[in-house]
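Please look over the sequence and the model before reading on.

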Amino acid sequence: MTRFRHMKTHVDFLFLLVIFGVFFVCTLFIATFGAKIYRNTVTKMEENNTGRTVSSYFSEKIKKNDTENSVYVCSLHQLSVLCLSNRTQNGDYTTYLYFWDGFLKELTLRSDAPFSPEDGTDILPLDAFSVTQNGSLFSFQTTDSDGNRSNFQIGTMCPMKEGGDFLE
């Protein structure tokens, strides 16, 4: 009888050890799987964040300056530049938004001051940026530092000048 009881304790111990081992393996599997899901989620969020940041930035800038002939695309120093003109009591100012040296940049100057692309403030690191205008519709294409592309369009309510010519 004692031998049977002694054998039963070994079997109980082995059974508990196997259950513990299965539990441990399942825990490792779930932790590894969860970490992979988390990593993928963070990566996708970062990819989408740059695109959303750029589109929100331009949307706010354009909507803020949505007055007649104040938003237009021009070419300066062989760059495609989004120009936002403002008339104040202190004079006329233009804000230039453009891509230079790996960054989306912003530069605000008096409208008669010379434009120098290296003087702009870095806004966001990018690999590529372009903007085109078709009437009051602006099309943007960006590529972030990870190679993710983002395309979006923003329209204005007021008529805009295009290529230096005023729209009727």
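This is a predicted model: local features need pLDDT of at least 70, side-chain atom pairs count only at pLDDT 80 or more; totals for chains, interfaces and linings use all residues.

Residues are numbered from 1 along each chain as its sequence is written, and side-chain values use heavy atoms, with hydrogens and water left out. The protein has one helix and eight strands; helices (H or I, at least four residues) and strands (E, at least two) are DSSP runs, numbered from the N terminus.

**Overall make-up**

- Read from the N terminus, the elements follow the order α-β-β-β-β-β-β-β-β.
- Of the 168 residues in the protein, 32% are buried; buried means under 20% relative accessible area, exposed over 50%, and partly exposed in between (1.4 Å probe, protein chains only).
- The accessible surface amounts to about 11,600 Å², and carbon and sulfur atoms account for 59% of that area; accessible areas come from the Shrake-Rupley method with a 1.4 Å probe, and for residues only the protein chains shown count as cover.
- Among contacts between residues at least 6 apart in sequence, 36% join residues at least 24 apart, where contact means heavy atoms within 4.5 Å.

- Strand β2 (residues 79-88) runs antiparallel to β3, and seven bridges join the two; strands pair if DSSP finds at least two bridges between them.
- A hairpin of two residues links β2 to β3, and the bridge partner of Thr 88 in β3 is Gly 91.
- Strand β3 (residues 91-100) has seven of its ten residues buried, so it is largely enclosed by the rest of the structure.
- Eight bridges connect β3 with β4 in the antiparallel sense, and Trp 100 stands opposite Phe 103 in β4.
- Two residues also lie between β3 and β4 in their hairpin, where Asp 101 in the turn has a positive phi of about 55 degrees.

**The sheet of β6, β7 and β8**

- Three strands form an open sheet in the order β6-β7-β8, with antiparallel pairing.
- Its edge strands are β6 (128-134) and β8 (149-155), each of which pairs on one side only.
- From one strand to the next, the twist averages 15 degrees; axes are lines fitted to C-alpha atoms, for helices over the stretch in contact, and angles run from 0 to 180 degrees between N-to-C directions.
- Strand β7 (residues 137-143) pairs with β8 over seven bridges, and Thr 142 has Ser 150 in β8 as its bridge partner.

**Salt bridges**

- The structure holds four salt bridges, each defined as a side-chain nitrogen of Lys or Arg within 4 Å of a carboxyl oxygen of Asp or Glu.
- One of them joins Glu 106 and Lys 61, at 3.0 Å from N to O. Glu 106 lies in strand β4 (residues 103-110) and Lys 61 in helix α1 (residues 2-64), so this pair ties together parts that are 45 residues apart in sequence. Glu 106 is buried, at 17% relative accessible area.
- Another links Asp 92 to Arg 87, with the closest N and O atoms 3.0 Å apart. Asp 92 is partly exposed at 30%, whereas Arg 87 is exposed at 71%.
- Arg 110 and Asp 112 also form a salt bridge, their closest N and O atoms being 3.8 Å apart. Arg 110 is partly exposed at 38%, and Asp 112 is exposed at 64%.
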